[in-house]
Amino acid sequence: MASPESSAAGGVAVIGSGLIGRSWAMLFAAGGIPVRLYDVDPRQVTGALDNIRKEMTLLAQSGSLKGALSAEEQLSLIGGCSDIREAVEGAMHIQLFQVFSAGGLVQTIQFTVAKWNTVYKWVFVCPLLCSAGPWGMAECVPEDLELKQQLFAQLDGIMDDDVVLSSSSSCLLPSKLFAGLAHRKQCLVAHPVNPPYHVPLVELVPHPETAPATVDRTHALMRKIGQSPVRIMKEIDGFALNRLQYAVISEAWRLVEEGVVSPGDLDLVMSEGLGMRYAFIGPLETMHLNAEGMLSYCDRYSEGMKRVLKTFGPIPEFSGATAEKVHQAMCVKVPDDPAHLAARREWRDRCLMRLAKLKSQVQPQ
Ligand code: NAI
C-alpha cells in the first residue's frame, strides 16, 4: 500500500456535490490535491463548480482562503464529472496532471481546464492523461442507508485495492454501510462537521474489519489538508460529536420545557459561557484546570455532578408546545425565511473564520 503522502497526491473522487461534497472539494484543493466531483445529477456538479468559484473568490478577498495556492490554482485542481466510472478511474488521471504541472504543456491544459469549468471538459481532457493511483473516494450522498449501500456496491466493482473509500455519513454505522463489500478493509466513515471549511474536526470511524492502514492514511490526509482528525476506536451510534451534541440539546430542551430558562437565555449559557472555553479546551481539560488537576476535581465535584445528573429527565419528544415556543423565540432572533437564515449562516461563518485565525495564533499546530 502506498504511503499516506504519496497516495494523497493521487487525487480524490468526491461522490455527491451537495453541501458536504463541495466543502470536501474545496478542502482537498486547498491542500493541493486534485479532485474530481461527481453527482448523479449533472446540474448539481455545474452548480457546485460555480458555487466553489464564488466561495473561493470571496475567501481570497477576505484573506481567509486556506492553503498555499491561489484561488485560481485551487480551482484548476477541481474538475466536474458526469460519469461515476470516469470519476473513479479519472481520479487516477489527475495524479499525472499534478506531477507534470510545472511543465509548459500541462500549464496550458490547466489554464484551459480552469476556463472550461464545466462537466463536459473532462470527457475531452481525461483521455489525454495517463493513469496512476488515486488516494480515494469521499462519498457525500444523502443520509440514506439503502442509497449509500447501493452506491458502495457499485464502487466496490470499480475501485482498486489501493484506494480508501470514506463516507461522510453523520450517523450511519460503518459496519452497516460497508457490509459485504470485497474492499471493506479500505472503507471507513470520515464524518466532517458543518461547515467543514470552517470547522476542522473530522471523526474517523472504522468498522471491525477496517484495516488500520486505512485509518492511518485517512488521518494523514486530513492533517495534510489542515483538518483535525480524531480516531473513534469503535463504532457507536452518533459517534462522539453527535452524542455530545445530543446530550447538550436534550438537556437544553428539558430546561426550556420545564420553564427553568427562556430559549434565548439558554443559548447564551452556551455562547457566553461554556462555548467560550470549549473552542480552546474540551470538557475533560476543563475539569483538570478547574481544580488542582483531574483527581482533585473528581474528589471535589463528583458527588455534586452525580446528584445533578440523577435529576436529568427522559428523552424529550422535540415536538408540541415546547417546539412552538422554541421556534417562536428563534424566529424573533432569526426569521426562518431563506434570506435571513442565509445571512445569519454567513455571519456565523465569518465569526468562525476569525476564531480560526485566533486559534492559529494562540495554539500553533
Ligand atoms: P446534500 O443533499 O446537500 O447533497 C447530496 C448530493 O448527493 C446531491 O447533490 C445529490 O444530487 C447527490 N446524490 C444523490 N444520489 C447520488 C448518487 N447515487 N450518486 C451521486 N450523487 C448522488 O447532502 P449533504 O448535506 O451534502 O450531506 C451528504 C452527506 O454528508 C450525508 O451523509 C450527511 O449525513 C453528511 N453530513 C452532512 C452534514 C450537514 O450538515 N449537511 C454534516 C456532516 C455530514
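These legends go with close-up views of a predicted model.

**Figure 1**
The shell around the ligand holds 22 residues, and D39, Q44, E143, K148 and S170 come nearest. D39 has a side-chain N or O atom 2.6 Å from an oxygen atom of the ligand. K148 puts a polar side-chain atom 2.6 Å from a ligand oxygen, and for S170 the distance from a side-chain N or O atom to a ligand oxygen is 2.7 Å. On its own the ligand has 840 Å² of accessible area, and the protein covers 77% of that. Helix 2 (19-30), helix 8 (145-158) and strand 6 (187-192) are the elements that give two or more residues to the shell. Sort the shell by residue type and you get 10 nonpolar, 9 polar and 3 charged.

**Figure 1. Salt bridges between separate elements.**
Side chains of opposite charge can pair when their charged atoms come close. The whole structure has 11 salt bridges, and two of them are shown here. In one, E72 pairs with R53, with 3.1 Å between the closest N and O atoms. That pair links distant parts of the chain: E72 sits in helix 4 (residues 71-76) and R53 in helix 3 (residues 42-61), 19 residues apart. E72 is partly exposed at 42% relative accessibility, and R53 is partly exposed too, at 26%. In the other, R231 meets D216 at 2.9 Å, N to O. Because R231 is in strand 8 (residues 228-231) and D216 in helix 10 (residues 212-224), this bridge ties together parts that are 15 residues apart in sequence. R231 comes out at 39% relative accessibility, partly exposed, and D216 at 37%, also partly exposed.

Elsewhere, E139, E143 and K148 belong to one network, joined by salt bridges that share partners. Two of those names, E143 and K148, also turn up among the residues that come nearest to the ligand.

Y301, M305, V308, L309 and F312 make up a nonpolar surface patch of about 410 Å². Y301 belongs to helix 14 (residues 294-310). This tyrosine has 34% relative accessibility, so Y301 counts as partly exposed.

Most residues other than glycine have a negative phi, and most peptide bonds are trans. Which peptide bond is cis in this view? The one joining N194 and P195, with omega at about -5°. P195 falls in the loop between strand 6 and strand 7 (201-205). F239 is not a glycine, yet its phi is positive, at about 50°. You'll find F239 in the loop between strand 8 and helix 11 (241-257), and at 0% relative accessibility it counts as buried. F318 also has a positive phi, near 55°. Its loop runs between helix 14 and helix 15 (320-333), and F318 is partly exposed, with 38% relative accessibility.

Definitions and conventions
Residues are numbered from 1 along each chain as its sequence is written. This is a predicted model: local features need pLDDT of at least 70, side-chain atom pairs count only at pLDDT 80 or more; totals for chains, interfaces and linings use all residues. Side-chain values use heavy atoms; hydrogens and water are left out. A salt bridge is a side-chain nitrogen of Lys or Arg within 4 Å of a carboxyl oxygen of Asp or Glu. Helices (H or I, at least four residues) and strands (E, at least two) are DSSP runs, numbered from the N terminus. Buried means under 20% relative accessible area, exposed over 50%, partly exposed in between (1.4 Å probe, protein chains only). Patches are made of residues with over 30% relative accessible area and no salt bridge: like charges are joined within 9 Å, nonpolar side chains (Val, Leu, Ile, Met, Phe, Trp, Tyr) within 5 Å. Accessible areas come from the Shrake-Rupley method with a 1.4 Å probe; for residues, only the protein chains shown count as cover. A residue is near a molecule or strand if one of its heavy atoms lies within 4 Å of it. A polar contact is a pair of N or O atoms within 3.5 Å; within protein, one must be able to donate a hydrogen and the other to accept it, and residues adjacent in sequence count only if both atoms are side-chain atoms. Ala, Val, Leu, Ile, Met, Phe, Trp, Tyr, Cys and Pro count as nonpolar, Asp, Glu, Lys and Arg as charged, and the others, Gly among them, as polar.
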